[in-house]
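Welcome! Keep the 3D view open as you read.

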Amino acid sequence: MNTRITRAALAAVLATSATLAHAQAQGPVKVGFMLPYSGTYAALGTAIENGFKLYVDEQGGKLAGREVAYYKVDDESNPAKAPENANRLIKRDQVDILVGTVHSGVAMALTKAAKESDTTLLVTNAGADAITGPMCGMGVFRTSFSNWQPAYAMGPIAAEKGYKTAVTITWKYAAGEEAVAGFREGFEKSGGKVVKDLSLPFPNVEFQPLLTEIAALKPDVVFTFFAGGGAVKFVQDYAAAGLNKTIPLYGSGFLTDGTLQAQGQSAQGLLTTLHYADGLDNPRDKAFRAAYAKAYPGVAPDVYAVQGYDAAQLLAAGLQAVQGDLSKKADMRKAMRAATIDSPRGAFTLSPAGNPVQDIYLRQVDGLENKVVKVAVRKLADPARGCRL
Ligand code: PHB
């Protein structure tokens, strides 16, 4: 047997085993999920966790040679409990990485806690503009969107259809208010006018009085932000009131994502804008969807699952750059900020503020799918107003 080993080969073997030994000595990377597992956004939290774990499982359960250990808190989409919930993960569990959350108000409190403890945060849904605006930080990353992004993209689309007047309706908190502001900016820049903003407290679903008001106002179009369980009920109520026959309903795509099974007939034909769609013709998305269907039978992949999956990809890029050594925090974060994420939505990069620069799709509901109609805006970057790094 030929046992001759070149010096270079030996060095390579030693280097690899040293890296692996180092990774093992460090134990698992501790990832803390702060997500809603109850309430109107419960399904969204589960989809994010599913997506994140799917990517890690595809890597054999390890990122940069290190096992991943998960910790969980149900944030209930309750901003009042957010500081305490964040500290359970940060102080009690001492996680290395925070992953969360869905609700903008909760996410702002989470961002504050992450920055105070210098814990790296991956925001996997919440669009609060402030997170990659005035609250931005080197350790703060978002793999989802800013509330401004999908809503702004809908403005010119509505104007192009010839609509002149719009009424908006949403929950009265950051996500709804910022989505409405984004739509207004895009619509009015294109010659339209928002004539009335309607809202109700989160997570209320007594839409009837507001629908009566819309019927009386008779705008050319209605723009809305609702998501999760509330979106299901809103779309059903809008159709039950007969408004879908007279006033077109537009929205950011959360209105119809992960909700179509429950909305059924009432959602058919709805047009929305979002950074993900069904029927994207790219191999990455096809592979993701097949893997998701296998891992979670009976659950359709949606935008939330994609955002979770991409958070794991972003973390992997950071860990690889420092060979799993989390003490090299600054280097890891630098690599994350520079990463190109090979996402099912289409590849994206992060803005200097840490928000995805991404295509926004116009989609239309057809059966159980939000089928892509076209790219509404290519490589849309959030303006990151107020971010200083
Ligand atoms: C938010 O609160 O930022 C939020 C919640 C649910 C969504 C989108 C945004 O689907």
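This is a predicted model: local features need pLDDT of at least 70, side-chain atom pairs count only at pLDDT 80 or more; totals for chains, interfaces and linings use all residues.

**Overall layout**

- The protein is divided into two domains: domain 1 covers 23–145 + 279–354, and domain 2 covers 148–274.
- Their C-alpha centres lie 28 Å apart.
- Where the two domains meet, 15 residues of domain 1 are in contact with 16 residues of domain 2.
- On the domain 1 side, the elements giving two or more residues are helix H2 (42–58), helix H4 (104–117) and helix H11 (303–321).
- H2 provides the largest share of that side, with 3 residues.
- By type, the residues on the side of domain 1 that touches domain 2 are 8 nonpolar, 5 polar and 2 charged.
- According to an unreviewed UniProt entry, residues 28–366 carry the annotation "domain: Leucine-binding protein".
- That span is 41% helix and 22% strand, and its end C-alpha atoms are 43 Å apart.

**Around the ligand**

- Residues around the ligand include Tyr41, His103, Ser104, Asn125, Asn147, Ala175, Ala227 and Phe254.
- The shell has 7 nonpolar and 5 polar residues, and no charged ones.

- Helix H5 (residues 148–160) has 13 residues and reaches 19 Å from its first C-alpha to its last, close to the 18 Å expected.
- Since 11 of the 13 residues of H5 are buried, this helix is largely enclosed by the rest of the structure.
- Among the buried residues of H5 are Trp148, Tyr152, Met154 and Ile157.
- Just after H5, Gly162 takes a positive phi of about 95°.
- Helix H8 (residues 228–240) also has 13 residues, which at 1.5 Å a residue should span 18 Å; its end C-alpha atoms are 19 Å apart, which agrees.
- The buried residues of H8 include Val232, Phe234, Val235 and Tyr238.
- Their cover includes H2, strand E7 (165–171), helix H7 (208–217) and strand E9 (221–225).
- Just after H8, Gly242 has a positive phi of about 80°.

**A closer look at Leu122**

- Leu122 sits in strand E5 (residues 120–123).
- Is Leu122 buried or exposed? Leu122 counts as buried because it has 27 C-beta neighbours inside 10 Å, and the cut-off for buried is 20 or more.
- Beyond its neighbours within four places in sequence, Leu122 is in contact with residues including Ile97, Val99, Phe141 and Leu314.
- Thr111 is 11 residues from Leu122 in sequence, and their C-alpha atoms are 9.4 Å apart.

- A cis peptide bond joins Gly100 and Thr101, with omega about -10°; Thr101 is in the loop between strand E4 (97–100) and H4.
- Another cis peptide bond joins Phe202 and Pro203, with omega about 0°; Pro203 is in the loop between strand E8 (193–200) and H7.
- Gln323 is not a glycine, yet has a positive phi of about 50°; you can find Gln323 in the loop between H11 and helix H12 (329–338).
- Gln323 counts as partly exposed, because it has 15 C-beta neighbours inside 10 Å.
- Lys379, in strand E15 (residues 369–380), has a positive phi near 45°.
- With 13 C-beta neighbours inside 10 Å, Lys379 counts as partly exposed.

How values were computed
Residues are numbered from 1 along each chain as its sequence is written. A residue is near a molecule or strand if its C-beta atom, placed from the backbone, lies within 6 Å of it. Ala, Val, Leu, Ile, Met, Phe, Trp, Tyr, Cys and Pro count as nonpolar, Asp, Glu, Lys and Arg as charged, and the others, Gly among them, as polar. Helices (H or I, at least four residues) and strands (E, at least two) are DSSP runs, numbered from the N terminus. A residue is buried if 20 or more other C-beta atoms lie within 10 Å of its own, exposed if 12 or fewer, and partly exposed in between; C-beta atoms are placed from the backbone. Two residues are in contact if their C-beta atoms, placed from the backbone, lie within 7 Å. UniProt positions are given in the numbering used here, feature names are shortened, and annotations may be inferred rather than shown by experiment. The expected span of a helix is 1.5 Å times one less than its number of residues. Domain bounds come from an automatic or database domain assignment.
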